[in-house]
There are 2 protein chains.
Amino acid sequence: MSLARARVLGRPALAVSRARCFATSSIRASAGPFYAGEPSGPQVKTTIPGPKSQKLLQELDTVFDTRSLNMICDFTKSHGNYLSDPDGNVLLDVFAQIASIPLGYNNPELLKIASSPEMASGIVNRPALGSFPSHDWADLLKTGLLRAAPKGLDQVFTAMAGSDANETAFKAAFMYRRQFERGGPEVDFTAEELASVMDNKAPGAAQLSILSFKTGFHGRLLGSLSTTRSKAIHKVDIPAFDWPQATFPQLKYPLEENAAENARIEQASLDEVEHLITSWHLPPAAVIVEPIQSEGGDNHASPEFFQKLRALTKKHNVLLIVDEVQTGVGATGKFWAHDHWNLQDPPDLVTFSKKAQAAGFYFGNPGLRPNKPYRQFNTWMGDPVRALLFRGIINEIEKHDLVNHTAKVGNYLFDNLQGLARKYPEHFQNLRGKDRGTFIAFDSPKRDEILKKAKEFGVNMGGSGASAVRLRPMLVFQKHHADILLETLEKVVKSI
Amino acid sequence: MSLARARVLGRPALAVSRARCFATSSIRASAGPFYAGEPSGPQVKTTIPGPKSQKLLQELDTVFDTRSLNMICDFTKSHGNYLSDPDGNVLLDVFAQIASIPLGYNNPELLKIASSPEMASGIVNRPALGSFPSHDWADLLKTGLLRAAPKGLDQVFTAMAGSDANETAFKAAFMYRRQFERGGPEVDFTAEELASVMDNKAPGAAQLSILSFKTGFHGRLLGSLSTTRSKAIHKVDIPAFDWPQATFPQLKYPLEENAAENARIEQASLDEVEHLITSWHLPPAAVIVEPIQSEGGDNHASPEFFQKLRALTKKHNVLLIVDEVQTGVGATGKFWAHDHWNLQDPPDLVTFSKKAQAAGFYFGNPGLRPNKPYRQFNTWMGDPVRALLFRGIINEIEKHDLVNHTAKVGNYLFDNLQGLARKYPEHFQNLRGKDRGTFIAFDSPKRDEILKKAKEFGVNMGGSGASAVRLRPMLVFQKHHADILLETLEKVVKSI
């Protein structure tokens, strides 16, 4: 591994050999990148944003809100784990477009698919999938999206992004619940239901809810935002449904030293869920939960918690929607994060987006198809372009065994972060994500400063919740990238 | 024009010369297709769905709800205005993927763009636009989406489809209104607002509404569905916000014979709007309206109605959102349908999707950017792939003057439909869309049978509302296509 490493402004280049002090393990990845063409390391040439980026930013700001802007990117010069900018800076990217790049920038295999006649047709001849699907749509689903379907689920409804994947899952849950209350799919709507719903009133407009968890995030459209509870700035001034929220377990770390206390915390959360299910004035048709609350600060709960949550929802005939928008597609060391739970009964609905590039929800129970057509419908109902890409992503994940790879690199990264946490306990608090691939986070009172400094040192990282650094590398993140990350983190915390 | 025309099963081929009886006008289009490669006419070889399609349909149904399916398509064999299926049937398509194909199937200029390295990069390196835009995003917006911006609007927020374009516009309206009530963008949220909103309660969750019109359609996610009032089947069993609806003018046709009555009907609607604005228990932050209610049955109102609606909303400091998802991008003979209104003050927000292929909303008032970052935000915030395509669409529209072309072809089509309406008044009722390009509709008591028969005769048409046939040809629909359509319609109504 010979890395021409970060020339940081006014600082000596990092010597990569220092990374050798970290524990090693047998990871195939150290042999070289999965795909050719990746830079050997970060290069920081200017402040970020540099002069060219600043000019582009000003130009963009005249027509597009740039206040959430992190950096301007030059994707044509980005490769693999490395993100470039117009000033020639090259950053190791462990944020990956908010956890949504699966296989690296300009992945050559995905570029092939993106340049294929099939893709061009998908772009130009965009179908209204629900009414005019292409002759190969079933094949594309079966060889693509459905090959990745979670265990026990064999149907898919395609959508556009995480937010509408969740909202269409909510709709499926509401229709299913009302159908059950009505006495089955063959029982027709009453005239009163059909009339009142046009006025947005009961009984046609269901007096039901979706139960979500505090600090959870499920999207920002008006229904999904009603279940999002991560930050007030996401919600303030927007009307919301009066839906219930339960406390998500706030586990104490390290887990092994707080087992009894954490079990108590999880049981209290489950008790609250059951209380809300049985008492909320708008009964929940479903509970939605992230396997690891991501935007809300990387909050974990044990497999036992989720097993009990599944049992509890079954007991009360409430559907369980597992929101795998951020956790899905390999990063936790399983294809789906809920694979870690070993459930006897699968979730009723599993939503996906981000690294899948396509979006939607999986389900297994045929009763979750509404009893009549045009109830779960819209013009595009997803995008075959993204379905084609997801098929390519699945193929590459299989070919390179990237889920197991990520599990191993994640273990390596976690072990070494533990070392850093022992050395710098004030900066690496509540380290979490053990045995969850590279889906790792820690809290730091100086989180924002860490993110800023890391960029100066050539690593693009993201935050979540109030004080968490969330690591969201791609599935092609390897041991030698982990070494750069670890070394940079140490350099960062030493400098502040 | 030499057309090898529809071989309809068991019926003699239609003789195209009969179309000559229709009135003519000086339309450049009759010279030949805009792009080479278009079939000379429909070909119907089997029942639809034919045996191959039926087999594919069964296969698809095992994994995807097919009950809303109209037909299986073979897009690889579709060209221009003609849609093919796996059984070799070739239909003149005047429904165009629910009004969302702008320039014909396999448009060669768009295929070039779809096959470009720029497009491949957009597909593989999908950015989180709000945080990590590409260096050329501003340029792409300026040379693309913003070149099509409605008069008076110079900003854009990009989204994924019509539904979230509308919901993000709603969010902009709610934030704007609350900011105004609070005393301006510099006044911060109160602690009570920030705390209560996490519980989905007032004052943080705004006690505001969006006013929409009866029989309007604005999407199917939970916020947009609360403004959709077209059909009960779209809404039943889904929770809804308690938002107000005003009656949309139900004009009497022909317009010229009912001018006084229609003026009265429109004023009654405006009075109802004003009453709801001033009295509804959740005050409307915005009124949303389609220039022509499309899904709800092609319901029109006069420019005067919309001028007065604009004045009324201004007077009460309520925003006007014009939903151009279906009416936008040329089909009405103007680029935006609201261009027909000659407004002095532009709408506050204009939403778009469908034929733009990209989606989002335009606005002009900088105050519609929220006062803080991350309030109007999501991971992808649109799709550069679709923005690239829309730029290509705009270029082709300009190059071929397709908006004016569509105005002319629309006039030709309308004039001849008037002839059919005189001849077959029972089948062509309330013919509407005069001077609105090809955005034409009529009612028929046997609407569903007409749609079915038309397909047998080689034309794919769509319905809307309870009894309307809605014509939604592409912008490359020409006089010779109109002749086929007219001839087929006559044949259809004669046969039933």
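Predicted model: local features only at pLDDT ≥ 70, side-chain atom pairs only at ≥ 80, totals over all residues.
The expected span of a helix is 1.5 Å times one less than its number of residues. Helix α10 of chain B covers residues 259–279, which makes 21 residues. From its first C-alpha to its last, α10(B) reaches 30 Å, close to the 30 Å expected.

Now look around the axis of this helix. Which residues of α10(B) are buried? They are N262(B), I265(B), E266(B), S269(B), L270(B), V273(B), L276(B) and I277(B). What covers the buried residues? The cover includes three strands of chain B, β4 (209–213), β5 (245–246) and β6 (284–289). It also includes a helix of chain B, α11 (303–315).

Next, step back to the two chains. The size of an interface is often given as the accessible area lost when the parts come together. Between chain B and chain A, the buried area is about 11000 Å². Carbon and sulfur atoms give 60% of this area. Three residues stand out on chain B: F64(B), F132(B) and D237(B). They supply 8% of the area that chain B buries against chain A, more than any other three residues. The contact takes 124 residues from chain B and 124 residues from chain A.

How many salt bridges cross the interface of chain B and chain A? The rule finds 14. One salt bridge joins K201(A) to D242(B), and their closest N and O atoms are 2.7 Å apart. Polar contacts between chain B and chain A link 68 residue pairs, counting residues at pLDDT 80 or more. On the side of chain B that touches chain A, helix α6 (residues 162–182) of chain B gives the most, with eight residues.

Where does S196(A) lie? Its place is in helix α7 of chain A, residues 191–197. Is S196(A) buried or exposed? S196(A) counts as buried because its relative accessibility is 12%, and buried means under 20%. A polar atom of the S196(A) side chain lies 2.8 Å from the backbone oxygen of E192(A).

Methods. Residues numbered from 1 in each chain as written. Chains lettered and ligands numbered in written order. Heavy atoms only, no water. Helix = DSSP H or I, 4+ residues; strand = E, 2+ residues; numbered from the N terminus. Buried < 20%, exposed > 50% of the residue type's maximum accessible area, 1.4 Å probe, protein only. Contact = heavy atoms within 4.5 Å. Buried area = accessible area lost by both parts, 1.4 Å probe. Salt bridge = Lys/Arg side-chain N within 4 Å of Asp/Glu carboxyl O. Polar contact = N/O pair within 3.5 Å; in protein donor to acceptor, adjacent residues only side chain to side chain.
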